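Let's take a walk through some ring contacts and a helix packing. Have the viewer open as you read.

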Amino acid sequence: MSQSADHIHIKDLVDRARRAQAILNGYSQEQVDLIAGAIVYHLSRPELATMIAEMAYDETKMGLVESKRAKLTHKMPAIFHDIRAEKTVGIIERDEENGITTIAKPYGVIAALVPSTNCEATPIFKSVLGIRARNAVICAPHPASKKTTIFVVDIIRQILRALNAPEDLVQCIAAPSKALAAELMAQCDVTMATGSGDMVAAAYSSGKPAYGVGVGNAAVIIDETIDLAETASKIRIGKTGDNASGCSAENSIIVQASIYEGFLRALEKEGAYIATAEEKARLQTVLWENGHVSRKVVARPVGEIAALAGIDVPADRKFIVVEEQGAGADYPFSGEKLSLVLTCYKYDAFDDAIALVNAITGYSGAGHSCGIHSNDPERILKLGLETKTSRVIVRQSHGVANSGSWSNGLAKTFSLGCGSWGGNSVSENVTQRHYYNTTRIAEPLDRSAPDDQAIYGPLLGKIAAVRIAAGA
């Protein structure tokens, strides 16, 4: 297609979405909740969820069917449980003390980028949150997973028809490309960007508002206060979920020297294969192509990765551990790997561990997240204070907990903002409140301006004592 053809094609989708959204704009809270709940409920039924999970795996050959199925049967209902009580229509808050009434209003039409690693759940997540806030949603799938995304969108459209709602509230680009995705972002009102760094950057440069996510490269500290076996099990769970396709999977662990060897043995009991220095060198040649993680290893089984590298790994091994000393461009294993390869570091002093987290995330994954397995509250707080990360996950499987779970209070999501560190507009889990505009009505208050003492409080004396030339 030429550029003009791209524009016309996307304009047709957007025009249809705007007509549908104009109808949705008149819906009540109860009506949008019914639609959103019906989408989650039906797509989380075990039989359909299994079909979609198998389709996603067959199409992409990435991840695990059981992990993809769990995103639909467990994660999406958990997300709906989180957001169901949040008002998204009309008056959503009344602050009597300050005379402020807050009203929620839709963006209009949302461009929803869908990555191949989460092609089954992302369109549901963005459609549900979008519709609850009275938006229309147009999905731009990854070309490598378009069949699955289109299938999911078609199911959502069936549900809309069954509820006598406009089916064009959710649409999908049928023959996706980077050019069409860019055109979609330029014509829609806001972009919810999940995908490669290039696509997120394109979203921010589209000329329209965007909520993007940064590169994930979770570095997790493990100190001597923990139980080795329990923590090794948590690491294995977080690392192997959906074959490490998620941006929150553990990418590096930083282990205290006194427990280092013992922890490696604990990881072996959990299914780890500890690579030799020579095997590590072979892995390096196949994990990256032209400076990027090879699609041949992303979310692929351990056996496939080992075979590519010419390494004989026993069939019962669940992930590969490589030992490393440094971080940065000269140490590629310190970067995001999106594969069943875990980098392991040794540290002596806790300050060294924090410095290593900052070096690792400074090279790859700035602002995303880190974790710690420790029973020392001072160390946990210190990690939070001294790292440029948006989330610090404590004594949990990082790959499971980082996007919110029943075991912590983070907002459950499939989109994780990384703040200015990661080039994002938010440094939190993107959730329902990021899917609508607000209008605030400000009523007059019967109060006068306070005096200096009330304004500056205990700072007044020190502030007044500051001498400047104009006041001399």
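In this predicted model, the charged end of Arg 45 is placed over the ring of Tyr 41, 3.8 Å from the ring centre. Another charge over a ring involves Lys 346, which lies over the face of Tyr 260 at 4.8 Å from the ring centre.

From charges over rings we can move on to rings against rings. The structure holds 4 aromatic pairs. One of them joins Trp 288 and Phe 333 in an edge-to-face arrangement. This pair links distant parts of the chain: Trp 288 belongs to strand E11 (residues 288-289), while Phe 333 is in the loop between strand E13 (319-323) and strand E14 (341-347), 45 residues apart. Are these two residues buried or exposed? Both Trp 288 and Phe 333 are buried.

Tyr 347 and Phe 350 make another pair, with ring planes at 70°, and because edge-to-face requires planes over 60 degrees apart, this pair is edge-to-face too. Tyr 347 has a relative accessibility of 4%, so it counts as buried. Phe 350, at 11%, is also buried, because the cut-off is under 20%. Here are the two pairs side by side:

| Pair | Centre to centre | Angle between planes |
|---|---|---|
| Trp 288 and Phe 333 | 5.1 Å | 85° |
| Tyr 347 and Phe 350 | 6.5 Å | 70° |

Elsewhere, Phe 125, Phe 414 and Tyr 435 come together as one aromatic cluster.

Now for the helices. Helix H2 (residues 29-43) packs with helix H4 (residues 65-83) at an angle of about 160°, and their axes are 8 Å apart. Why is H2 described as roughly antiparallel to H4? The angle between them is about 160°, and angles over 145 degrees count as roughly antiparallel, so H2 and H4 fall in that class. The crossing of H2 past H4 is left-handed. On the H2 side, the residues that meet H4 are Asp 33, Ala 36, Gly 37, Val 40 and Leu 43. Their partners in H4 are Leu 72, Met 76, Pro 77 and Phe 80.

Leaving aside residues up to four places away in sequence, Val 128 touches Ala 36, Ile 39, Val 40, Met 76, Phe 80 and Ile 83. With a relative accessible area of 1%, Val 128 is buried. For a sense of scale, Val 128 and Pro 332 are 38 Å apart in space, C-alpha to C-alpha, and 204 residues apart in sequence.

Definitions and conventions:
Residues are numbered from 1 along each chain as its sequence is written. This is a predicted model: local features need pLDDT of at least 70, side-chain atom pairs count only at pLDDT 80 or more; totals for chains, interfaces and linings use all residues. Side-chain values use heavy atoms; hydrogens and water are left out. Rings of Phe, Tyr and Trp (its six-membered ring) pair if their centres lie within 6.5 Å; planes under 30 degrees apart count as stacked, over 60 as edge-to-face and the rest as tilted. Helices (H or I, at least four residues) and strands (E, at least two) are DSSP runs, numbered from the N terminus. Buried means under 20% relative accessible area, exposed over 50%, partly exposed in between (1.4 Å probe, protein chains only). A charge sits over a ring if NZ of Lys or CZ of Arg is within 6 Å of the ring centre and within 35 degrees of the ring normal. Axes are lines fitted to C-alpha atoms, for helices over the stretch in contact, and angles run from 0 to 180 degrees between N-to-C directions. Angles under 35 degrees count as roughly parallel, over 145 as roughly antiparallel, 65 to 115 as roughly perpendicular and the rest as oblique. A crossing is left-handed if the near helix is turned anticlockwise from the far one by less than a right angle, and right-handed if clockwise. Contact means heavy atoms within 4.5 Å.
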